[in-house]
Structures are given as C-alpha cells and as structure tokens.
Amino acid sequence: MTAIEHDAPVAHAAAAAEQGRLAQAWSAFAESRVAVGALGVAALLILVAALAPWITPQNPYDLTQLSIMDNMLAPGSRGFDGRLYLLGTDDQGRDMLSAIVYGLRLSLVVGIVATAIALAIGAAVGIVAAYFGGRLDSLLMRLVDIQLSFPAILIALILLAILGKGVDKVVIALVSVQWAYYARTIRSSALVERRREYIEAAQGLALPRWRIIFRHLLPNAFPPLIVVATVQVAHAIALEATLSFLGIGVPITEPSLGLLIANGYGYMLSGRYWIAFYPGIALLVAIVAINLVGDQLRDVMNPRLKR
Amino acid sequence: MLAFLFRRIGQSVLVMAAMATLVFLGVYALGNPIDILVSPEADQIEREQAIARLGLDRPLWVQFLVFVKSALAGDLGRSFVHGLPAIDLILSRMPATLELAFVALVIAIALGLPLGMIAGLSPRSLVGRGIMAGSILGFSLPNFWLGLMLILAFAVELKVLPAGGRGQTRELLGLQWSFFTADGLRHLLLPALTLAIYKASLVARLASAATRETLVQDFVRFARAKGLTPARIVGVHVLKTILIPLVTVIGLEFGSMIAFAVVTETVFAWPGMGKLLIDSIYRLDRPVIVAYLIVIVATFVVINLVVDVVYSLLDPRIRLSERKT
C-alpha cells in the first residue's frame with residue numbers, strides 16, 4: 001500500500017506541471033490562425049454530427065419520411081409538398097443535407113472508434129515491447145515492420161474480402177491497419193523514457209511491473225501518439241469512405257459519406273452532379289480540418305523546431 | 001553484401017509463407033471452404049467431385065500441404081465466372097494496372113519534385129506557402145471523389161476526355177498497351193492524374209523538407225562562394241542530394257500505387273487487376289480473390305526486397321548495422 005502513498009504527491013505536482021504545459025502548448029498551437037480555424041471547423045462538424053437527429057429536416061434512414069415524388073431534385077428546389085431541399089435529393093427522394101449529416105456522423109464515429117481501439121492496442125504492444133526488450137521486442141517490431149510494408153488499403157481490402165460487409169467489420173479492418181503505427185511510435189518514445197531515473201526509482205520501490213509500465217512509463221511516453229492519432233483519424237475516415245465507395249464497407253441501409261458518393265456516381269454522367277458532389281465536399285472539409293490540426297500539432301510538439 | 005542479400009531473401013520467403021498461410025486460414029477457417037471454392041451454382045455431383053478433388057474431406061494440415069503444393073505449381077483454382085485459371089486471369093489484367101501505376105508515378109514526380117523544390121527554396125513566400133497548403137489539400141482529397149470530379153469536369157461538362165475504359169491499345173511484346181495510341185493516352189490521362197495527385201503531394205512535401213535541410217549545409221555555401229550560378233547549385237548539387245531519400249520513397253510508393261489502383265480502376269472502369277478484384281468480390285468469385293491476394297503479396301515482397309537492396313547499395317550504413325546485430 002505504500003506504493004500509492006508514494007505516488008500521490010508526485011501525481012499532484014505532475015498535474016500542476018501538466019496544466020502549465022497545456023497552456024503553453026495551446027499558445028504555441030494558436031500561433032497558426034489556420035490551425036485554430038481548422039480546429040473550430042472540426043469541432044463544429046463533430047457537434048453537427050452529434051446533434052444530427054435534432055437538426056436535420058428529415059431522418060434519411062426512415063423510409064416513411066421519404067417522398068419518392070421528390071426524387072432527383074436539384075439543390076435549392078422545393079418538393080411536392082413545398083418542402084425546401086437545400087442540397088437537392090437523391091434517387092429515392094432523400095434530402096441530401098440530412099443524408100450528409102447522418103453520413104458524416106457514421107464516418108466520424110467509425111473513424112474515431114477505430115482509432116481509439118487501435119491506439120489502445122498499439123500503445124499496449126509498443127510499451128510492452130519497449131519495457132521488456134530482447135526477443136519479445138524484436139519479434140513484435142518485426143511484425144510491425146512487415147505490416148507497415150504493405151499499404152493500408154491493401155490490408156483493409158484483404159480483410160473485408162474475407163470478412164464481408166458491415167460497420168463492425170470496417171472497424172476491425174481499420175484497427176488492424178492502424179495499430180502498428182502506434183506500436184512503433186510509442187516504442188521509440190518509451191525506449192527513451194525507460195532509461196530515465198523515475199523508472200529506476202519505481203523499480204527500486206519494487207512496484208509491480210504492470211504498474212510501472214502503465215502508470216509511469218505510459219503517461220510519459222504518450223504525447224507523440226497524439227499527433228499520430230490525429231492524423232490517423234483523418235486517414236481512417238478517408239479509408240472508410242474509400243471502402244464504402246467500393247461497396248465492401250458499410251451496408252447500404254446506413255450510408256456513410258463514401259456510400260452516398262458511390263450512389264451518386266451513377267447519376268453523375270447524366271448531369272445530376274449534386275448527389276456525388278456535396279457528400280464529397282463534407283468529406284473533404286472534415287479530412288482537411290483534421291489534417292491541418294494534426295500538422296500544427298506536429299510542429300508544436302516537434303522539439304527540433306522549438307525556439 | 002551477399003550475406004545481406006540472402007538474409008533479406010530469406011525474410012521475404014518467410015513473409016510470403018506467412019501471408020499465404022493467413023490467406024489459407026482466412027479462406028478455410030473463417031468460411032466454409034466448399035462455399036468458397038465451389039461455385040454456388042454447382043449441383044450435388046459437382047460438389048462431391050470438387051470436395052474429393054480439393055481434398056476437403058481430409059484433415060486441415062493435409063489440405064494445407066495440397067494448397068501449398070498447387071500454389072507453388074502456379075495453380076490457384078479456376079474462376080467461377082470466367083472459367084479460366086484464376087492466375088491467368090490476374091496476369092492478363094496486370095499490364096493495364098502496371099501501365100496506369102507507372103504513368104501516375106511519372107506524373108507524381110514531374111509535378112511533385114519541382115513544386116516541392118520551389119517551396120523548399122522560399123518557404124516563407126506566398127508561392128511556397130501556397131504549394132504547401134495545396135499539398136495538404138492534395139493528400140486530403142479522397143482519391144475516388146477526385147476521380148469523380150475530374151470525370152464531371154472533363155467528361156461530362158467540357159466533353160474533352162473520355163469518362164472510362166482503356167481506349168485503343170497497341171500490341172508490344174505480346175501485351176496490349178494504351179500508352180502508344182493517341183486514343184489510349186486520352187483514356188489514360190484522367191485515371192493516371194487521379195492516382196498521381198496524392199503521391200505528388202507527398203513527393204512535394206518530402207522534396208521541400210529535403211531542400212530546406214540541404215540549403216543550409218556547407219557544400220551549398222561553398223558552391224555559392226565558388227561563384228556558381230543559383231540555377232546550377234539548385235539544379236545539380238541540391239537536386240542530387242535530395243534525390244537519394246526520394247528514390248527509396250518513390251520505390252515503395254510504386255507498390256502502394258498498384259494497391260491504390262483498385263480505387264482508380266473502379267472509378268474509371270479501367271480493366272486492370274484491381275477492377276477484377278472488386279468485380280470478383282461482388283460476384284463471389286473467390287478463387288480469383290485468393291489468386292489476387294497471393295499475386296499482390298508476392299509483388300509487394302519483391303518490391304520491398306528490391307528497394308531494400310537498392311537502399312543498402314546507396315547507403316552502406318544500413319548493411320553495416322544489419323551485420324552488427
């Protein structure tokens with residue numbers, strides 16, 4: 001039990017230092033107005049996606065709310081009952097604006113959930129490899145090397161070709177694609193932290209191994225993962241959209257942005273551009289915003305660029 | 001060098017074996033192999049014949065040996081849809097994919113390298129910032145959506161380029177190529193551009209970073225002191241230095257382009273092996289899926305091997321550090 005008492009004041013001081021560091025990090029981040037704007041846009045998109053059922057004019061998954069009379073309307077036109085379709089309708093009379101907000105919701109949820117799971121798995125593997133070293137480390141890292149030598153889309157394609165369609169399967173595929181990045185990133189930062197004195201002190205206190213790894217080593221080795229995770233959320237969203245566009249991602253009953261675009265593809269050649277165009281814009285805005293945030297985070301956290 | 005080469009080849013064989021085992025387990029353990037390897041339209045007698053022929057009544061490890069043996073002999077099953085050996089089908093579609101990926105790679109370098117160097121030479125200028133911002137946009141653009149927008153602009157609205165297909169081809173070395181006819185080139189332009197934009201952004205960012213790092217080095221200062229023209233310093237000395245890291249990255253990116261061509265080929269109905277894969281997934285033509293996976297993994301293992309060997313030739317430190325461990 002002495003272990004906890006020893007930890008407590010350290011944790012307190014660390015929390016205070018953390019606050020100071022966070023404020024510093026924010027002021028460094030805010031130096032780029034573009035990045036702040038991108039963060040605002042990303043937050044707004046998440047808010048819109050979270051509030052989708054309350055702010056959209058229509059529930060695009062509820063077929064009783066769709067009016068087939070209103071199909072293929074151009075953006076800004078009014079429907080049979082005088083309803084305004086700001087971004088037009090698709091072949092089933094679905095309001096594109098509502099469909100995009102719901103699609104965005106699904107894309108963000110899939111991207112964020114997959115990233116979180118992959119982060120947890122990757123961080124655990126990487127930190128264990130770094131702490132124990134030796135055979136285990138070289139085995140795990142060889143695995144990571146091999147996986148990273150294949151492009152993400154290929155691994156996801158292989159998995160989905162075997163597993164079949166479904167939101168859960170897409171998440172499995174995205175997790176399998178991502179975990180290796182986190183494992184490699186946290187391993188290299190944990191290797192540095194492992195040689196620090198506080199780890200030696202913790203070992204001297206004879207704390208249990210898992211406690212040293214997850215309470216002491218992990219929090220200190222974690223920061224570089226934030227950048228990787230941010231960029232990977234964007235990657236995951238793009239990959240999910242791609243897989244759904246190819247027709248091997250999410251099922252047709254719950255269209256994500258990628259599936260909406262695939263749906264509009266067939267009508268594009270006849271000049272009905274809006275079905276494929278606007279979901280793509282939403283996708284693009286989301287990915288660019290997240291990438292810009294990630295880019296600035298990288299600059300802020302890169303010690304080589306510190307003045 | 002020879003020892004290094006042998007070790008890398010040994011590793012590649014191991015990776016290949018591991019991947020084939022995974023594909024085998026994916027097909028045989030996760031699904032019912034009879035459903036996967038026998039056409040759904042087959043009748044009872046055909047099913048039993050196939051079960052006996054494939055040895056599905058025997059234990060799993062025997063089946064695995066049979067799978068490995070026939071795979072080594074180049075037999076990966078017959079396509080349900082086309083009735084041809086799956087491997088022949090894949091190989092017949094391969095030139096179209098390689099052609100597309102190669103042209104895209106050339107476009108990516110031709111666009112990315114000069115733009116990246118310009119951005120690296122004056123990172124604070126409006127042009128430099130514009131190029132870097134453009135590169136973020138470039139690799140944020142969903143590949144398939146970019147393809148659709150190019151079709152919309154050039155095929156639907158302007159009607160200057162075709163929306164899909166491979167166009168007229170000409171035979172060379174027993175294979176059909178779009179590259180040598182005007183019509184084929186017109187068909188090739190949009191898909192290749194779509195595939196190239198992401199990589200061009202990547203090359204531009206790498207080239208810009210490498211140029212910035214190279215410009216502050218002593219040999220550039222000496223060259224300037226020697227009175228060389230800026231054009232010569234940048235065009236010869238800087239370019240040579242930044243090419244080394246770029247070559248490796250570009251080599252690896254060629255592989256990723258072949259994989260990403262799946263998307264581009266689907267958008268532009270380009271008859272390559274990626275389109276074949278997606279069609280096969282739709283039609284549950286599983287022998288072709290298995291064959292594609294084996295072929296693409298083999299392609300990758302070869303590309304990675306070649307890049308590693310080239311890199312160790314360019315940079316002896318890699319070889320030496322491997323010897324130490």
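Chain A holds 12 helices and two strands. The order of elements from the N terminus is α-α-α-β-β-α-α-α-α-α-α-α-α-α. Of the 307 residues in chain A, 45% are buried.

The largest nonpolar core has 172 residues. Its residues with the most contacts inside the core come from both chains. In chain A they are Ile100(A), Ile127(A), Ala156(A), Leu174(A) and Tyr182(A). In chain B they are Leu100(B) and Ala104(B). Helix H4 of chain A, residues 96–132, gives the largest share of this core, with 20 residues. Ile100(A) was examined beyond its neighbours within four places in sequence. There, Ile100(A) is in contact with Leu87(A), Leu260(A), Tyr278(A), Pro279(A) and Ala282(A).

The two chains meet through 32 residues of chain A and 31 residues of chain B. On the chain A side, four helices each supply at least two residues: H6 (152–163), H10 (223–245), H11 (257–268) and H12 (274–301). H12(A) makes the largest contribution, nine residues. By class, this side of chain A has 25 nonpolar, six polar and one charged residues. For the complex, the predictor gives an ipTM of 0.78 and a pTM of 0.82.

Within chain B, one helix pair was examined. Helix H6 (residues 126–140) and helix H8 (residues 182–215) of chain B have axes that come within 8 Å. These axes cross at roughly 140°. The crossing of H6(B) and H8(B) is left-handed. From H6(B), the contact involves Ile131(B), Met132(B), Ser135(B), Gly138(B) and Phe139(B). Their partners in H8(B) are Ile197(B), Tyr198(B), Ala200(B), Ser201(B), Leu202(B), Ala204(B), Arg205(B) and Ser208(B). Eight residues of this contact are nonpolar, four are polar and one is charged.

Confidence was also computed for chain B. The mean pLDDT of chain B is 79. In this chain, 85% of residues reach 70 or more. Helix H5 of chain B, residues 86–121, has the highest confidence, at a mean of 88. Helix H13 of chain B, residues 316–324, has the lowest, at a mean of 57. Where pLDDT is low, predicted coordinates should not be read in detail.

Conventions: Residues numbered from 1 in each chain as written. Chains lettered and ligands numbered in written order. Predicted model: local features only at pLDDT ≥ 70, side-chain atom pairs only at ≥ 80, totals over all residues. Buried ≥ 20, exposed ≤ 12 C-beta atoms within 10 Å, placed from the backbone. Contact = placed C-beta atoms within 7 Å. Nonpolar A, V, L, I, M, F, W, Y, C, P; charged D, E, K, R; others polar. pLDDT = per-residue confidence, 0-100. Core = buried A, V, L, I, M, F, W, Y, C linked by C-beta atoms within 7 Å. Axes fitted to C-alpha atoms, helices over the stretch in contact; angles between N-to-C directions. Left-handed = near helix turned anticlockwise from the far one by under 90°.
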